[in-house]
Amino acid sequence: MKILLVGNGNFKHRGARYYDQTNKLANGLIRCGHNVYFLSDRDTARAVMFGSKSIFGTQARAARHCSRVFLQICRNFKPDLIMCVHADLLTADALLAAREILPQVKIAQFNVDIIFNEHNAKNITDKLPGVDATFITTAGPGLKKFSRPGKRVSYVPNIIDSSIEWPRSFERSDQKHDVFWALRALRGSAPGDRRIEYPLYLETNGVDIDYYGMNGKPLLYDARYYEAIAGAKMGVNISQIWTKGNYEKAADEDLYLYSSDRISHYLGGGLLTFITRDHKLEELFPEDKEAVYFGSKEELLDKVRYYREHDEARKTIARAGWEKAHTHYNERLIGDYLVEATFGRPFSHPYLWPTQGW
């Protein structure tokens, strides 16, 4: 089928964010045999903005321009499916207008951010009038808040793509570093944020940890990101759990199976991946078989030390996690799942993640 994929092309970063979930999804849909046309909403908007506060344009004008381009593509390309991946500049009104042009079209949105963030929840909710299905990298009852009559809301895992996740860290023992950690955003972090506290705790207790995006080290993007993953044996995956503003822990139902897409980079890159227990990800990657779990910085340190001294055990679990990730959570299976779930078709695979619609 013909699929119009709308998302952030990150053109302004000149290829530095080539491993974004939008690119992986495009790869998966194409590899499933679909004809995919990609529209970058933000880059289309920048074409008329000349800077977000320029005298030559406003945010509203940019959004209108993006909607016009989107609708022109709908007329010219006539997609069977429109998939919006964080296409925040594309309004529900534009999606409803697309339905007038294409009465049979199906429309879905794909969201990879935390659902207890008010801004992200609003972005999801704003598009609900215009979509048939919503897919979010959080599972379970927390999705009920986005449920609407006749519209599907479901979980989708973070995507692993073997053409992007190329390292196989489990095949080596000569890596420079014991542990890798990359924090991709510091805004909104709470005092004592474990995403900062835990890596520094490892460092002060003798662990050779290569970290970025904290403690004075810059964020790490582009090809160097995967080179850094290849240069370590283990990776720490700590996802956000704090609500913005009052820094209270989010409700358990809003954490279920969520992870930063970092988990796809780590498991997909063959690192022995350490994951916090808050998100119940052991249901997807069993504990001490495909990943390692921890509930405190002390437990994390003890387990890192253990696997540093037991390299074959490290390799065995890392390989099993890598095999599970690439076999069952790859871009082709997720591409099939999104199409089948949006169109209400019988599932063609025994998907290993929750497929319930809310």
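Leu 81 is buried, because its relative accessible area is 0%; buried means under 20% relative accessible area, exposed over 50%, and partly exposed in between, with a 1.4 Å probe and protein chains only. This residue lies in strand β3. The model is a predicted one, in which local features need pLDDT of at least 70 and side-chain atom pairs count only at pLDDT 80 or more, while totals for chains, interfaces and linings use all residues. Residues are numbered from 1 along each chain as its sequence is written, and side-chain values use heavy atoms, with hydrogens and water left out.

**Surroundings of Leu 81**

- Apart from neighbours within four places in sequence, Leu 81 is in contact (heavy atoms within 4.5 Å) with Met 1, Lys 2, Ile 3 and Leu 4, with Val 105, Lys 106, Ile 107 and Ala 108, and with Val 339, Thr 342 and Phe 343.
- Leu 81 and Thr 22 are 59 residues apart in sequence, and their C-alpha atoms are 15 Å apart in space.

**Overall form**

- The protein chain contains 11 helices and 11 strands; these are DSSP runs, with helices (H or I) of at least four residues and strands (E) of at least two, numbered from the N terminus.
- For 358 residues, a compact globule would have a radius of gyration near 21 Å, and the protein chain agrees because its own value is 21 Å. The radius is taken over C-alpha atoms, and the globule rule is 2.2 Å times the number of residues to the power 0.38.
- The C-alpha trace spans about 65 × 50 × 35 Å along its principal axes.
- Of the 358 residues, 56% count as buried.
- Among contacts with a separation of 6 or more, 73% come from residues 24 or more positions apart.
- The accessible surface is about 15,200 Å², and 51% of it belongs to carbon and sulfur atoms; such areas come from the Shrake-Rupley method with a 1.4 Å probe, and for residues only the protein chains shown count as cover.

**Nonpolar cores**

- In soluble globular proteins, nonpolar side chains tend to be buried together.
- A nonpolar core is a set of buried Ala, Val, Leu, Ile, Met, Phe, Trp, Tyr and Cys residues joined through side-chain atoms within 4.5 Å.
- The largest nonpolar core has 39 residues, of which Phe 180, Trp 181, Leu 202, Tyr 225 and Phe 274 touch the most other members.
- A second, separate core has 38 residues, including Phe 135, Ile 160, Leu 257 and Tyr 337.
- Not counting residues up to four places away in sequence, Tyr 225 touches Tyr 19, Phe 180, Ala 182, Leu 220, Arg 262, His 265 and Tyr 266.

**Helix α1**

- Helix α1 covers residues 21-31, and its buried residues are Gln 21, Thr 22, Lys 24, Leu 25, Ala 26, Gly 28 and Leu 29.
- Just after α1, Gly 33 takes a positive phi of about 100°.

**Residues in loops**

- Most residues other than glycine have a negative phi.
- Lys 78 is not a glycine, yet has a positive phi of about 50°. Lys 78 is placed in the loop between α3 (59-77) and β3 (81-85), and counts as partly exposed because its relative accessibility is 48%.
- Lys 280 likewise has a positive phi, near 60°, in a residue other than glycine. The loop between β10 (272-276) and β11 (292-294) holds Lys 280, which counts as partly exposed at 40% relative accessibility.
- Ser 239 lies in the loop between β9 (232-237) and α8 (262-268) and is buried, with a relative accessible area of 3%. Leaving aside neighbours within four places in sequence, the contacts of Ser 239 include Arg 194, Arg 195, Tyr 258 and His 279. Ser 239 and His 279 are 40 residues apart in sequence and 8.7 Å apart in space, C-alpha to C-alpha.
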